[in-house]
Amino acid sequence: MSSNPTGGPTDATRGAAPSSTHYVAALDETPLVGVDTVKVAEKRSNLWIDAWQDVRGRPMFWISAALILVVALVALFPGLFTQTPPNNNCILGNSNGGPADGHPLGFTKQGCDIYSRIVHGTSTSLSVGFIVIVLTTTLGILFGSFAGFYGGWVDAVLSRVGDIFFSIPYILAAVVIMSVLSQYRSVWSISLAIGVFAWPSTARVLRSEILRVKNADFVMASTALGLSRFKILLKHVLPNSIAPVIVITTISLAAAIVAEASLSFLGVGLGSNIMSWGNDINQAQNDLRTAPQTLILPSIALSVTVFAFISLGEVVRDALDPKARALR
Amino acid sequence: MTGYIFRRILQAIPVFLGTTFLIYFMVFAMPGDPIVALFGDKTPNPAVVAQLRAQYHLDQPFIVQYFIYLGGIFRGDFGLSFSGEPVTAILARTFPVTARLAILALLFETFFGILVGLISGLRKGKLFDASSLAVSLILISLPIFVIAFVAQYVFGVWLGWARTTVSSGAPLQDLILPALVLASVSFAQIMRLTRASVIETSGLDFVRTAYSKGLSSRRVIPVHILRNSLIPVVTYLATDFGVLLVGATITEGIFNVPGVGNTLYQAIIRGEGPTVVSFVTVMVLIYLVVNILVDLFYGLLDPRIRYVK
């Protein structure tokens, strides 16, 4: 303690015990210290660094991240995991058969390899999930940020439009769209059908966050410095409001995967020529009594994938929202 | 309160017009022949096509068609189902069953959700809390048809405790299993909401005051903590109704419950487009009305809501 940056009392004066009962503090006992002094040695910290510090220590984060990594690998390189083609090579004699050599999970009703079908179905689920979140995030950011930031009649119009789309449960809406688009059933059309009605929740979350952020001092400072409204929104308000959007996007991805599987299960989803867990569950439902594994196995793949994204979303939400952190 | 009711109903008008327009637009403004498209892979009966064309006034300009359709809705005319029966007649027959199922599910999910959430919140960080959180996460991750099939297999086939499909007339004891399945997802959400809310409320000053003036926890927990923690749960029940509607479609389909959802389910899997559209419209309208009712109830419960513009 030989150097004293604030110029305060030295150890000698502070440590000296008063001998008399009426001790009068030396004048330099409590020096003026700038409360805003930047502590250079202090580690840099912001929302994202704090969140990373928090997330890093949680096992749930690593479990879900590892699961997502595996699922992504399976989706991108199905060839690494199985050599058996999912569609041809199906022998009806193997119908609903148990595990056999080279076919670890047994066979579907059509005698196809279940393991291979699950592996090849992964990319379908993930593609739908990603296309949907690109749609919902784009629409959600457009509607949510303009409504929240500009307020007034812009907010009134955009929010009512959002309300309309929000009032139709998106799976029901997708059922109608897919019934009409019965000739064009593909990954793209089903993602469109889900995404077009799923975006209002993203917009609502972003809007309320922007309402909170737009009155912050740094926004006023930018206005004072002469930045245009649009630039303020783009450079200062949006980056500071994006955290809850990230959380809801992760959870929407899981919801989109469920929606695709539900639609395919109902038979209005993807065409039967496309590998999809929902289609396989649909095909297997009548054999629940005799061959439950044909239904349970793709269901497990579906549920584990959904679980991975939902739990990642929850861990990230806990990390980004101090209020949620207090609930742990 | 009257002003609030009036405002809330006024707000619902553009949403009602918008949703009906959207549904109509989705079906009838798509490229190609909407009537043929609705039949999917099937070749429609020319007589049915002609009848539908007349029913939906497809020779008129689009906006005129929409208003004719809207007028029909106001008169309670949702069109005919595939078999030629008026949709309203089917609704009258199937709605009581669905209502019974939905009420049963609502009872299950609110009772168990609030109970488990309360215990979890009071014992934050303990074993019970951790395990019920884990169970709720798993329930949220499981698509409802997976839960339905697992329940059907475990309780119906394996243990033989319940019937896998509901017998005609849908007696209450047959509806217990489907109702539990239907309740499962919302149970998890209600449990988490209650837990979070209970933890928050327990830390507030008035709870400490209640304890320090000597009240027992048997009084503080239900009267001070629980009652003040339930508002988010009531709000959730409104949005939950949408989950229930979609869930009921799938659950009723799988358990063969003769309700509104099952009619929609059967129409979907048979590719009967016009019936699907009518039933989705009906469900969306029910959803809208329920949302208004819940909002009004909410305004009654929490005076602050009424005065916020």
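Good morning, colleagues. Please bear in mind throughout that the model is predicted.

I begin with the fold of chain A. Chain A has 328 residues, of which 42% count as buried. Among contacts in chain A with a separation of 6 or more, 69% join residues 24 or more positions apart.

Next, the annotations. An unreviewed UniProt entry assigns "domain: ABC transmembrane type-1" to residues 122-313 of chain A. In the model that span is 81% helix and 0% strand, and its end C-alpha atoms lie 20 Å apart. UniProt, again in an unreviewed entry, lists residues 61-81, 126-149, 161-181, 237-259 and 295-316 of chain A under "transmembrane region". I take two of these spans. Residues 126-149 of chain A are 100% helix, with 33 Å between the end C-alpha atoms.

I turn to the interface. Here 36 residues of chain A are in contact with 43 residues of chain B. Which helices of chain A each supply at least two residues to the side that touches chain B? They are α5 (152-166), α6 (170-180), α11 (243-266) and α13 (292-320). Of the elements of chain A, α13(A) gives the most to this side, with nine residues. By type, the side of chain A that touches chain B holds 23 nonpolar, ten polar and three charged residues.

The largest nonpolar core comes next; it comprises 153 residues. Those that touch the most other members are Leu172(A), Ala174(A), Val175(A), Val176(A), Ala256(A), Ala148(B) and Val280(B). Let us look at Ala256(A) in particular. Leaving aside residues up to four places away in sequence, Ala256(A) touches Val128(A), Gly129(A), Val132(A), Ile133(A), Ile194(A) and Ala198(A).

Finally, a helix pair in chain B. Two packed helices are described by the angle between their axes and the distance between the axes. For helix α5 (residues 87-122) and helix α8 (residues 172-202) of chain B, the angle is about 35° and the axes are 5 Å apart. The crossing of α5(B) and α8(B) is right-handed. Their contact is made up of 21 nonpolar, eight polar and four charged residues.

Thank you; I welcome your comments.

How values were computed. Residues numbered from 1 in each chain as written. Chains lettered and ligands numbered in written order. Predicted model: local features only at pLDDT ≥ 70, side-chain atom pairs only at ≥ 80, totals over all residues. UniProt positions renumbered as here; feature names shortened; annotations may be inferred. Helix = DSSP H or I, 4+ residues; strand = E, 2+ residues; numbered from the N terminus. Contact = placed C-beta atoms within 7 Å. Nonpolar A, V, L, I, M, F, W, Y, C, P; charged D, E, K, R; others polar. Buried ≥ 20, exposed ≤ 12 C-beta atoms within 10 Å, placed from the backbone. Core = buried A, V, L, I, M, F, W, Y, C linked by C-beta atoms within 7 Å. Axes fitted to C-alpha atoms, helices over the stretch in contact; angles between N-to-C directions. Left-handed = near helix turned anticlockwise from the far one by under 90°.
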